[in-house]
Amino acid sequence: MLNRLTILPIVTFIERSYWLWIVFAIPGLLKIWRKPASPGVEFGLAFLSMIVLLWFMSTNFGFYNPLYLNPRHLIILIPVLAFLIALGWEEWRANQKLKRQLSGLILFGAAVSLIQQDWKMSVFQGTAFVLLYLFQGKKLVWATGIYLLFPALFAIQYQLKIKQYPTLIETLDRETSSSENPSLILTNNFLNFSKEVLLPENQIAQKLLFPIEKLDSIRLTPPPKLRVFIYDYYRHAYPKEQVDLDALEFWLKENYKLESELNEGNSSIRYFSKN
């Protein structure tokens with residue numbers, strides 16, 4: 001919890017390429033601080049409100065549970081940061097001291113990436129530092145704008161690779177529509193949660209899916225046969241599910257024997273029968 005409320009947000013901003021956006025927005029915030037009557041004051045307040053909420057808010061009223069720092073939760077910062085970057089652009093261009101301070105923050109991001117051995121992000125941060133001193137005037141504006149867009153364009157191919165969504169849907173459809181094997185399918189919690197979207201208007205198929213987090217409810221009366229459908233994307237989006245998967249593996253070893261296994265894309269299907 002201490003890690004989540006202190007350094008983890010900063011590390012996440014750096015890992016997910018938000019760090020440069022935040023660094024370049026600082027002059028805009030400083031301008032608003034010096035001139036509160038600036039038309040950008042609403043954007044400054046919006047950014048500070050969102051950053052505080054993302055950092056400290058709880059997802060549950062019953063107990064304190066900070067928001068998981070997934071990139072899709074942070075994307076709402078980009079429109080506000082874009083305005084602040086434009087608002088403060090001339091501030092640091094005319095202030096060499098401020099420019100050096102921004103350069104230092106960029107190098108800090110590159111250093112953190114180096115420590116984590118994230119070579120791609122380290123090069124990305126370091127290249128941003130070079131741009132500050134390589135281009136001038138409008139060339140710098142264009143170079144920075146295109147450069148900040150680069151991670152978003154790269155993310156398209158990256159997300160296609162790690163999600164392999166068409167293969168997931170094809171495999172899931174086949175497994176849930178097979179009349180030869182109508183056994184229960186233990187699967188990721190987030191897949192079960194999304195089954196009405198993944199298997200629309202097919203309630204029979206939806207009923208076959210069973211979340212691994214509710215394993216205890218079938219321990220007393222385990223089915224004679226079952227399937228385990230694991231979507232490997234959980235490692236990226238929901239790493240905390242590993243606890244449930246570890247418990248599942250232990251239970252399977254005690255009660256079932258593996259009959260066969262199939263891997264398609266980043267999905268794996270294993271077929272078990274009771275000992």
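**View 1. L102 and its contacts.** L102 touches V23, I26, P27 and W92, leaving aside residues up to four places away in sequence; contact means heavy atoms within 4.5 Å. The model is predicted: local features need pLDDT of at least 70, side-chain atom pairs count only at pLDDT 80 or more, and totals for chains, interfaces and linings use all residues. Residues are numbered from 1 along each chain as its sequence is written, and side-chain values use heavy atoms, with hydrogens and water left out. L102 is found in helix 7; helices are DSSP runs (H or I, at least four residues), numbered from the N terminus. L102 counts as buried because its relative accessibility is 2%; buried means under 20% relative accessible area (1.4 Å probe, protein chains only). L102 and V23 sit 79 residues apart in sequence, yet their C-alpha atoms are 6.3 Å apart in space.

**View 2. Helix 3 against helix 7.** Two packed helices are described by the angle between their axes and the distance between the axes. The axes of helix 3 (residues 19-34) and helix 7 (residues 96-115) come within 10 Å and cross at roughly 155 degrees. Helix 3 is therefore roughly antiparallel to helix 7, a term for angles over 145 degrees. Axes are lines fitted to C-alpha atoms over the stretch in contact, and angles run from 0 to 180 degrees between N-to-C directions. The crossing is right-handed: the near helix is turned clockwise from the far one by less than a right angle. From helix 3, W19, L20, V23, F24, I26, P27 and L30 take part. They meet L98, L102, L105, I106, F108 and G109 in helix 7.

View 3. S103 counts as buried at 4% relative accessibility. Its contacts are F129, L132 and Y133, not counting residues up to four places away in sequence. S113 is buried too, at 1%.

View 4. Helix 6 (residues 77-93) has 17 residues. From first C-alpha to last, helix 6 reaches 23 Å, close to the 24 Å expected at 1.5 Å a residue; the expected span is 1.5 Å times one less than the number of residues. A kink of about 40 degrees is centred on L87. The bend at a residue is the angle between axes fitted to the seven residues ending there and the seven starting there. Buried residues of helix 6 include L87, G88, W89, W92 and R93.

Definitions and conventions:
Helices (H or I, at least four residues) and strands (E, at least two) are DSSP runs, numbered from the N terminus. Buried means under 20% relative accessible area, exposed over 50%, partly exposed in between (1.4 Å probe, protein chains only). Angles under 35 degrees count as roughly parallel, over 145 as roughly antiparallel, 65 to 115 as roughly perpendicular and the rest as oblique.
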